[in-house]
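Dear colleague,

Please find below the structure that I am handing over to you.

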Amino acid sequence: MSYWTEKITIGNLQFPRFIGGPLDGITDSPFRQLVRTFSQDELLYTEMRHVACVANDKGAAKALFFQQNERPLNYQVAANKIEYIARACERIMLAGVDIVDLNIGCPAKNVIQSGSGSALMADPSRLEAILKEFRKLLSIPFTVKIRAGFKCKNAIEIAKLAQDCGADAIAIHPRLQTQRFEGRPDYELTAQVKKAVSIPVIVSGGIVNWTTARLVYEQTGVDGYLIGRGIWGKPWKLQELQENSIGRKFDVNVATTMAYARKHLDLMIEYYGKSGLFNFRKHLPLYLRGLKDASILRAELVTNPCINQVRDTLSTLEKAYLPATSD
Ligand SMILES: Cc1cc2nc3c(=O)[nH]c(=O)nc-3n(C[C@H](O)[C@H](O)[C@H](O)COP(=O)(O)O)c2cc1C
């Protein structure tokens with residue numbers, strides 16, 4: 001068995017090394033269902049929800065509603081104090097997820113102003129109390145997603161703290177809060193974090209294909225790979241990585257891409273009702289990327305208010321791009 005066919009162990013659970021990361025507003029329930037048509041065993045993170053919302057049914061009610069076929073799921077939360085954690089954990093475990101993840105990496109202004117997300121990396125004593133509360137309450141594996149640091153790099157210290165407080169794995173997005181999602185990810189720091197802890201380390205940042213995954217493995221020796229923007233518009237990305245890692249080719253042609261875009265639209269409508277079309281507009285340009293007349297199609301489809309017309313155009317494109325048969 002090679003490194004790439006071995007699984008990552010998180011608590012008492014095992015998963016393929018390629019994992020679907022959290023992208024707020026993108027990797028929602030419909031998207032995760034679409035990913036499941038390609039990848040059944042891979043762990044998928046949910047988008048981040050604050051424990052207060054989960055506990056009080058405010059805004060996050062939809063987020064606790066998912067299909068069982070989306071599992072294995074890592075349900076991601078944010079917290080800034082102990083309050084609400086107990087009720088949130090109770091509700092999340094009742095909904096039936098496999099892991100709970102605490103986000104201490106989010107750089108968004110409103111999140112850090114409330115003292116959650118990456119702001120917690122600059123407040124280790126408050127973080128420690130929060131980590132201990134989660135560990136005490138959760139009977140399922142618990143993970144933490146960190147950054148390189150808030151204003152300065154302290155990922156090693158925070159990773160050790162998370163391990164000491166009972167976390168089962170750490171995902172690191174090796175950029176500072178100030179870098180948000182841009183700039184070179186610090187893989188040297190990731191390698192140091194990997195050396196500093198004995199629990200599994202998952203890297204998040206810059207993995208878009210098998211070449212980048214292999215290079216990052218060589219530089220860091222990590223245990224898992226969280227795929228973020230690489231999966232946006234490519235719900236087959238985890239399968240592609242899995243296949244490529246064992247030397248197999250994996251291609252998705254344009255006709256199949258259009259078929260999956262249409263399926264995605266249908267899942268969005270099923271989940272969100274009519275507003276699903278509006279939410280689908282974030283995905284549509286990525287499915288059209290590289291097509292002849294992509295910019296004209298994009299302009300036409302992202303402004304079209306008619307669900308059936310958008311669906312019909314995707315069907316027409318699917319037929320137009322069907323590969324020619326030899327007979
Ligand atoms: C639009 C967008 C939304 C994101 N939402 C979340 C989120 O809800 N929770 C989280 O931990 N990270 C979130 N991230 C960060 C990603 O999970 C990931 O760590 C980062 O994008 C780097 O990985 P990538 O290069 O594979 O995208 C988000 C990133 C983007 C671009």
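Predicted model: local features only at pLDDT ≥ 70, side-chain atom pairs only at ≥ 80, totals over all residues.

Overall form. The protein has 14 helices and eleven strands. Its radius of gyration is 20 Å, close to the 20 Å that the globule rule gives for 327 residues, so the protein is as compact as a globular protein of that length. The C-alpha trace spans about 65 × 45 × 35 Å along its principal axes. Of the 327 residues, 44% count as buried. Among contacts with a separation of 6 or more, 70% are made by residues 24 or more positions apart.

Domains. The domain assignment divides the protein into domain 1 (8-245) and domain 2 (254-320). The C-alpha centres of these two domains are 29 Å apart. Where they meet, nine residues of domain 1 are in contact with eleven residues of domain 2. The side of domain 1 that touches domain 2 consists of five nonpolar and four polar residues, with no charged residues.

Ligand shell. The ligand is surrounded by 22 residues, and the closest are P22, D24, M48, G228 and R229. Sorted by class, this shell holds eight nonpolar, ten polar and four charged residues.

Helix α8. This helix covers residues 210-220, and its buried residues are A213, V216 and T220. These three lie on the same side of α8, because they cover an arc of only 70° around the axis. After α8 comes G221, which has a positive phi, near 70°.

Residue C152. This cysteine is found in the loop between β8 (142-149) and α6 (155-164). Is C152 buried or exposed? C152 counts as exposed because it has 11 C-beta neighbours inside 10 Å, and the cut-off for an exposed residue is 12 or fewer. From C152 to G11 the separation is 141 residues in sequence and 30 Å in space, C-alpha to C-alpha.

With kind regards

How values were computed. Residues numbered from 1 in each chain as written. Near = placed C-beta within 6 Å. Nonpolar A, V, L, I, M, F, W, Y, C, P; charged D, E, K, R; others polar. Domains from an automatic or database assignment. Contact = placed C-beta atoms within 7 Å. Helix = DSSP H or I, 4+ residues; strand = E, 2+ residues; numbered from the N terminus. Buried ≥ 20, exposed ≤ 12 C-beta atoms within 10 Å, placed from the backbone. Rg over C-alpha atoms; globule rule 2.2 N^0.38 Å. Arc of directions from axis to C-beta.
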